[in-house]
Every structure is written in structure tokens, then in C-alpha cells.
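Good morning, colleagues. Please look at the sequence and the structure as they come up on the screen.

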Amino acid sequence: MCARPNFHTADASFPASCRLETMPKLQGFEFWSRTLRGARHVVAPMVDQSELAWRLLSRRHGAQLCYTPMLHAQVFVRDANYRKENLYCEVCPEDRPLIVQFCANDPEVFVQAALLAQDYCDAVDLNLGCPQMIAKRGHYGAFLQDEWDLLQRMILLAHEKLSVPVTCKIRVFPEIDKTVRYAQMLEKAGCQLLTVHGRTKEQKGPLSGAASWEHIKAVRKAVAIPVFANGNIQCLQDVERCLRDTGVQGVMSAEGNLHNPALFEGRSPAVWELAEEYLDIVREHPCPLSYVRAHLFKLWHHTLQVHQELREELAKVKTLEGIAAVSQELKLRCQEEISRQEGVKPTGDLPFHWICQPYIRPGPREGSKEKAGARSKRALEEEECGTEVLSKNKQKKQLRNPHKTFDPSLKPKYAKCDQCGNPKGNRCVFSLCRGCCKKRASKETADCPGHGLLFKTKLEKSLAWKEAQPELQEPQPAAPGTPGGFSEVMGSALA
């Protein structure tokens, strides 16, 4: 089992005896060649997927540099348990070199988080590439790429304050020249290594498409710091071609690595070989069961399309050994199929589902390719739901309620509120929804029995109660020669 290395962070939750000795801060190509050991094969930061156990598996099979999952800087600063669970307790001497990635939108918060993490890693990375809706709501990732002043301040402050280099992972703009200026701005601010994902922030899910290596090549030529390429990496041949065509220092893989952790070795081993090795590492370095389940779904993806009942079983099991048992059953079924196919000549590029192999993400429908760029993921989902085949989520709802229908024409029609367009109350005296009704009834001191709003009635009851109370009597002044109160009586007694 890996022991925690020593480090010297300012966080008081760990003893001084567990702190690393500091090293001189290197920059640019010197940082890449010495600290990162000239890493060319890189495992991407992946939320809930690039945990310690997976990083160790990937390193055993050719990965030379790994990133942690993206961590939220604000939560990392305020929550000691979050720091321990996501970084401190995952420190391992075998897991180096390592870059810790944060999402943030505030320079001070980013630097505070980085200072707490810097002694557990070789660099701190700022996530400027996440295109998901959660990043849009949280205002981080790729949704900061137009705020150059803010990004300059974040990188500059981190470069000044940290004892380790600061790096960035970005997505491209549609225009190559703007992407180049963006990269040069980050370099000037203090970024020491840049990872360029050759897709725009709009390219995700069914609309991912191919990554543009032309953008990456242009960035590499325009900056004087190391550049990693990300996108279109499914096998070792892709890695070698990307290095050759773009001139980058390294190539990063995310989805390709999840489906084949031996990608950087140029091998496609039997799935159970890597699944069993990963489960053994998890037993030594535990992680949440949801991470393990997600990894097994990726590794066994193609086989689970054949054995659907085991897919359901893998989704239901509640223990690590339960997951291992499902994986073992998948292995036995594959081996039985292999024995039946002995002597059969393979056909196609990837003939056997039990071999680790790439997953090709399906794109938009062929007939709508010319409109794909202008259509959202929700629009594509709605189009699919228009067919007889329901989505998995709707199939689950239908299992719970067999009478449920998803036909839009059968949905009940609601009368709309006169002001906001939401469904109005059937018995509302103003023909409004409850929110609009409440505002109007309060303003006019009126009642709406349909919505249970009784402003007028309550006011009338309040006034009636006040009128029914007897008036308070004014205190009368004391007559001459009589005690005027407690103090006067006490004074007399003492005299």
C-alpha cells in the first residue's frame, strides 16, 4: 500500500512530519522536461473517473503523467473533509508526476485552493475547458474563455504566489487567430504549460464532431511553452500521428483511456485482464463504488450490448465484490463464446466485443447533418422521442406506471395565466397563477378563496379585534400626602 509522502502545506489538518521538501520552481520547457520527465502520454482530468486507482492502472500501462479529477476551488478551501477525500488521502509515491486541476472564477479563491494543494502535486491546473451545463451555471470552465481580464488576474496571481507552476486546459474558438491570441494571453500571464482541446465549447455530446488539430498546431507554433493536444485519440497510432502533425510535446486522452487503459502501450487486451487488475488496485486503494461501477461500464461497454441482463445486474449490485462477480460472469461468457468461435476468421476492424477497443460516439442523424451545428442536444432527444422507441429514462417511468403516456397530443391542456403564461388556477377570482394572484391580492387587499389567499378577511379580523379591546387607562398622579410609589414607600420605611 502506498504511504503518504511528506509535504509542507499550510493546512494544519496534517502534521508537519508528513510534508514534502520544496524544490526550486521551474518554468516552461524546463518544468516539462525535468519535473514532468518529458511526459508525452497523458491521462486527462475526468470528474469521478481519474481517481488514484485508475491513475495507477493507467501508469502501469504507459501513462507518463496524470491529472486529478476537477476539484471545486471554493469547496476545497472551506471543507477539510473534501480536501482529504479528494487529494490528501490519495497521495501515493507511485502517482507522480501529478497535476491537480481546479475550477474557479475568483483569483483569491483559486490561489487559496492552490496553496492548500501545491505540496501534493507537481503543478496546479486551471480548468478552462469544461463545456457542460453545470459549468455554465457555476460560471467556470469554458464559460470563462471570453473574460480575458479575469483570467489574466487569476493566472498572474497564481504564478506569483505558488511554489509550483500553474497550467491551463482550454478549448478553442472557431477562429484560429482568436485561439492563438487567447493562448498567448495565458502564456503572458504566467501559464507554464497549455493543454488545448481542439473542440469549441459548443462541441459536446451528439454534436462533438472531430477535434481540430489545425487549431492546436497553430497554438503550438505561436507560444514558447509546452503544449499538450487533446481530442481524436483512440489508439497509439492516433497519438503518434498527433505528435507528428501538430508538433506538440504530449498527447492527452480521456475517453480513449477509459475504454482502453492500455492505449499508450499500443495494446488491446482482453477486457477482463484490465478489469481484474483495476479491481485489485481498488481493494488496496478504495474509492466510491460509483467510480468503480462507471469504470466497469466503460471497460465492458461493447460486451454489455450483447449481454443486456448483466448490464442490469451491474447497475444494481451494492458492493465491490458484487461488481467483481458480474465482471467474472462476463469473462466466463466471453470465454465460452471464444471457444465456440475457434477457427473462425475475424471480419471487420474490431471483430470481438471482449477486446478493449474505442467507443465511437454516434453523431446526429445523417439527414440532419447540415443543421447539426444549430441544434441542441435537447432537440435531438425530442426528435428521438418522436419515434416509437422511448429513451431509457422514459422506459423506466413506464415500468413504474404502465398507464403513463408520452404522446404530446394526449397531455392535458391548461388555461394560461393572463400575466405570466403559467397555468392559471381554475378557481382563481383574478384568472391568474398563484404567484401573480398573491401579488395582486396583497396589493389590492383582496381575497382569493381558490388559492387560499385571505388578505382582506385577515385585515378585517385584525381591525375588529383591536376595536374589541378595552382602552388602556392612563396612570393617575398620586394625591398630596399619600405614597407616590414603591420608592417613596421604601424611603418612608427606612426613615
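This is a predicted model: local features need pLDDT of at least 70, side-chain atom pairs count only at pLDDT 80 or more; totals for chains, interfaces and linings use all residues.

Leu320 touches Leu279, Val282, Arg283, Leu289 and Val292, leaving out residues up to four places away in sequence; contact here means heavy atoms within 4.5 Å. Leu320 lies in helix 16, residues 320-340, where helices (H or I, at least four residues) and strands (E, at least two) are DSSP runs numbered from the N terminus. Leu320 and Leu279 are 41 residues apart along the chain, and their C-alpha atoms are separated by 8.1 Å.

Residues are numbered from 1 along each chain as its sequence is written, and side-chain values use heavy atoms, with hydrogens and water left out.

Let us turn to the cysteines. A disulfide is a covalent bond between the sulfur atoms of two cysteines. Here it is taken as a pair of cysteine sulfur atoms within 2.5 Å, and by this rule the count is zero. Cys168 is in no disulfide, its nearest cysteine sulfur, that of Cys191, being 3.9 Å away. Cys417 is likewise in no disulfide, with the sulfur of Cys420 nearest at 3.8 Å.

Is Cys168 buried or exposed? At 0% relative accessibility, Cys168 is buried, which means under 20% relative accessible area, whereas exposed means over 50% and partly exposed in between (1.4 Å probe, protein chains only). Cys417 is buried too, at 5%.

Finally, Asp95 sits in the loop between helix 4 (80-86) and strand 4 (98-103), and is buried at 1% relative accessible area.
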